Every structure is written in C-alpha cells, then in structure tokens.
Amino acid sequence: HYVPNDAPIVDGQMFLMDGGLEKFGYASDNTRTFPVNGKFSPEQRQWYEMVLRAEKECIAMIKPGVEWRDVHMHALRVIVAGLQENGCIAADASFEELMAAHIPLRFHAPRPRPHDRPRRPRRRRLPQGLHPFHRA
C-alpha cells in the first residue's frame, strides 16, 4: 500500500482509492480506480473493464453455499484471461501452468483478521441469509 500520500495528482494518471473495511469479523479491501481527468485512455479503459468484469462475475456467483475460494479462483481466471488477451502474459499458457509458475497477481481474499479473531477454516461457505453487501 502507498502510505505517504503526498504525490501530486497528475492529468492522465489513474487515481486508486484502497479503503479497508470490516464486517461480521471479516476484513477486506474496497478498491476503486478512476481517471484523474475524468476520461479513460483506451489502455486505461481496457484494464478497468477487465477488473470490472471480474468483479461483476464474482458478485453474481455469491449465494449461500458458495465457497469464497471458488469466487477467488474465478476472479483469478478472469484476470488471467484478460492479461492474456492484452498480451501481458503468454496467451498459449494454460491457467494451471500459470498458477504453478505463480504468475497471477495475489488478491486479498476476505478473511478473519489473524491477530484478534479465532482461526477459522479456509474453505468457508457463505452463511444462509448473508450476502457480502448485506447491511445490518
């Protein structure tokens, strides 16, 4: 994370807002990105839409009984496919080969905060009636 926050905002760059949040004992990031000048360049739009596609598809997957790991892996698959389409990583490599080589970026998965929460199983299912955007 970028801590000093003292760099000038420059026309043509993207602004990244990375806000942490916690709900029901889970901590996660809520990240938003937008162009400083209000208009995407073609390359910025391509990257933005790739991440937006992953987000929308993963949100659509959320329902009771779905494991977080499955949603996380789907996000990785969408991002890897986008990186391949954009020519950033080898288009002829399979997802499994790329995972074995640790090519995909690490994503923050919702998880208990380790310093003050009891250890829970990694493969947690979403509790009945709880949606990640649920408001108490």
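Author: Accessible areas come from the Shrake-Rupley method with a 1.4 Å probe. In this predicted model, the protein chain exposes about 10200 Å².

Reader: What percentage of the residues in the protein chain is buried?

Author: A residue counts as buried if its relative accessible area is under 20%. Buried residues make up 20% of the 136 residues in the protein chain.

Reader: How many helices and strands does the protein chain have, and what pattern do they follow along the sequence?

Author: There are three helices and three strands. Read along the sequence, their pattern is β-β-α-α-α-β.

Reader: What percentage of the contacts between residues at least 6 apart in sequence joins residues at least 24 apart?

Author: The figure for the protein chain is 55%.

Reader: Where does methionine 73 lie, and is methionine 73 buried or exposed?

Author: Methionine 73 belongs to helix H2, which covers residues 68-85. Its relative accessible area is 18%, so methionine 73 is buried.

Reader: Which residues does methionine 73 touch, leaving aside those up to four places away in sequence?

Author: With those sequence neighbours set aside, methionine 73 touches Phe95 and Met99. A separate value concerns cysteine 58, which is 15 residues from methionine 73 along the chain. The C-alpha atoms of these two residues are separated by 9.5 Å.

Reader: Why does phenylalanine 40 count as buried, and why does tyrosine 48 count as partly exposed?

Author: Phenylalanine 40 has 18% relative accessibility and therefore counts as buried. Tyrosine 48, at 31% relative accessibility, therefore counts as partly exposed.

Reader: Which residue lies over the face of phenylalanine 24?

Author: That residue is lysine 23, at 5.3 Å from the ring centre of phenylalanine 24.

Reader: Which residues form a nonpolar patch on the surface?

Author: Ile9, Phe15, Met17 and Phe34 form this patch, and together they have about 380 Å² of accessible area. Among these residues, phenylalanine 34 lies in strand E2, residues 26-35. Its relative accessibility is 39%, so phenylalanine 34 counts as partly exposed.

How values were computed:
Residues numbered from 1 in each chain as written. Predicted model: local features only at pLDDT ≥ 70, side-chain atom pairs only at ≥ 80, totals over all residues. Heavy atoms only, no water. Buried < 20%, exposed > 50% of the residue type's maximum accessible area, 1.4 Å probe, protein only. Lys NZ or Arg CZ within 6 Å of the ring centre and 35° of its normal. Helix = DSSP H or I, 4+ residues; strand = E, 2+ residues; numbered from the N terminus. Contact = heavy atoms within 4.5 Å. Patch = residues over 30% accessible without salt bridge, like charges linked within 9 Å, V, L, I, M, F, W, Y side chains within 5 Å. Salt bridge = Lys/Arg side-chain N within 4 Å of Asp/Glu carboxyl O.
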